[in-house]
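Thanks for coming. Please look at the sequence and the model on the screen while I go through a few places in the chain.

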Amino acid sequence: MDAALLLANLANPPVLFFFLGMLAVWLRSDLEIPQPVPKVLAIYLLFAIGFKGGVELHKSGFDSHVLTVLGVALLAAVAVPLWTFFALRRRLGVPNAAAIAATYGSVSAVTFIAATSLLSHLGVSFSGWMVAAMALMESPAIVIGVVLARRFGDESATSFEWRELLREAFFNGSVFVLMGSLVIGAITGESGEASLAPFTSGIFKGVLCLFLLDMGLVSARRLAASREIGLFHVGFAVLAPLLHAALGIAVARMLGLAAGDALLFTILCASASYIAVPAAMRFAIPQASPGVYVPMALALTFPFNVLVGLPLYLAVINHLWK
């Protein structure tokens, strides 16, 4: 890994605040960000990143390159949960394998936002319309995970209303705010960008720091409280993002993406959902253990990607893109 990139990532204020949150738990500080503040911060971040992505779509339009990238992103959201399920089914059982497949097939919006923060910190340009790829990749894995659970498990044990699943997958709060903001940004374009600039850009990084401080607290507490995570789970939570990142980098290279966009595509492939997927799995696959798939995504993969993965992936991209 490029030491300079690692240091640049660690010197990025949002990452330092994330580590500060974890440190507070390890040192048994009484630091806490009370609810519903973290939820408000999350809604703001999704709104801001979605709106800015919509503005970029307004400027660039849906040309053939954009549509190709979005199509490939959708294929990745289908392929990742499929291989993940079959790799884990015998070891962890159908319900947990299906839930983990959905978790790692979906994406982490916060990891994506952390990647944009790093690129901005380094002065590396990227396309705002990559937010559309993130929006497309969030929901399909949820449906695939449930289909796999019903196909290879006890179908009666996973009985539920498909209408409710699809509503949760495609209209849950995070997806709805992100997609709605994207559409509004695409409609209003430069005029909307100018009118909301102090709000969507001026305070963005400060809000991200506060949110990642809370994420550090939550991640460390989840890891400390988990009693179902073993060495196999830890190994998968670290190796899976590395494998998915390698595939993402290879595909980004074939698509001819610029370095900044390649990192964003890579982190979409390498991240894991800890918000949308658990909410859907809770009723769709109730026999899957949240004590397994939530800590894996939130307390292991998320910190790994934020602290180590981002500079590692960018270092590989910079080397290959020379």
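I start just after helix 6, where Gly123 takes a positive phi of about 75°. Helices here are DSSP runs of H or I with at least four residues, numbered from the N terminus, and strands are runs of E with at least two.

Before going on, some housekeeping. This is a predicted model, in which local features need pLDDT of at least 70 and side-chain atom pairs count only at pLDDT 80 or more, while totals for chains, interfaces and linings use all residues. Residues are numbered from 1 along each chain as its sequence is written, and side-chain values use heavy atoms, with hydrogens and water left out.

Back to helix 6, which covers residues 109–122. The expected span of a helix is 1.5 Å times one less than its number of residues. For the 14 residues of helix 6 that should give 20 Å, and the end C-alpha atoms are 20 Å apart, which agrees.

How many of the 14 residues of helix 6 are buried? The count is 11, so helix 6 is largely enclosed by the rest of the structure. Among the buried ones are Phe112, Ile113 and Leu118. Buried means under 20% relative accessible area, exposed means over 50%, and partly exposed is in between, with a 1.4 Å probe and protein chains only.

Asn9 is buried, with a relative accessible area of 0%. Leaving out residues up to four places away in sequence, Asn9 touches Val15, Leu118, Val306, Leu307, Leu310 and Pro311. Contact means heavy atoms within 4.5 Å.

Next, helix 10, residues 173–202. Gly185 lies in this helix and counts as buried at 0% relative accessibility. With residues up to four places away in sequence not counted, Gly185 touches Phe51, Gly54, Val55 and His58. The C-alpha atoms of Gly185 and Lys52 are separated by 6.3 Å, although the two are 133 residues apart along the chain.

Now the charged side chains. Side chains of opposite charge can pair when their charged atoms come close. A salt bridge is a side-chain nitrogen of Lys or Arg within 4 Å of a carboxyl oxygen of Asp or Glu. How many salt bridges does a search of the whole structure find? It finds two.

One joins Glu56 and Lys59, with the closest N and O atoms 3.7 Å apart. These two are three residues apart in helix 3 (residues 37–60), so about one helical turn separates them. An α-helix has 3.6 residues a turn, so residues three or four places apart point the same way. Glu56 is partly exposed at 26% relative accessibility, and Lys59 is partly exposed at 42%.

The other salt bridge is between Lys59 and Glu193, at 3.3 Å from N to O. This pair links distant parts of the chain, with Lys59 in helix 3 and Glu193 in helix 10, 134 residues apart. Glu193 is partly exposed, with a relative accessible area of 31%. Through shared partners, the salt bridges join Glu56, Lys59 and Glu193 into one network.
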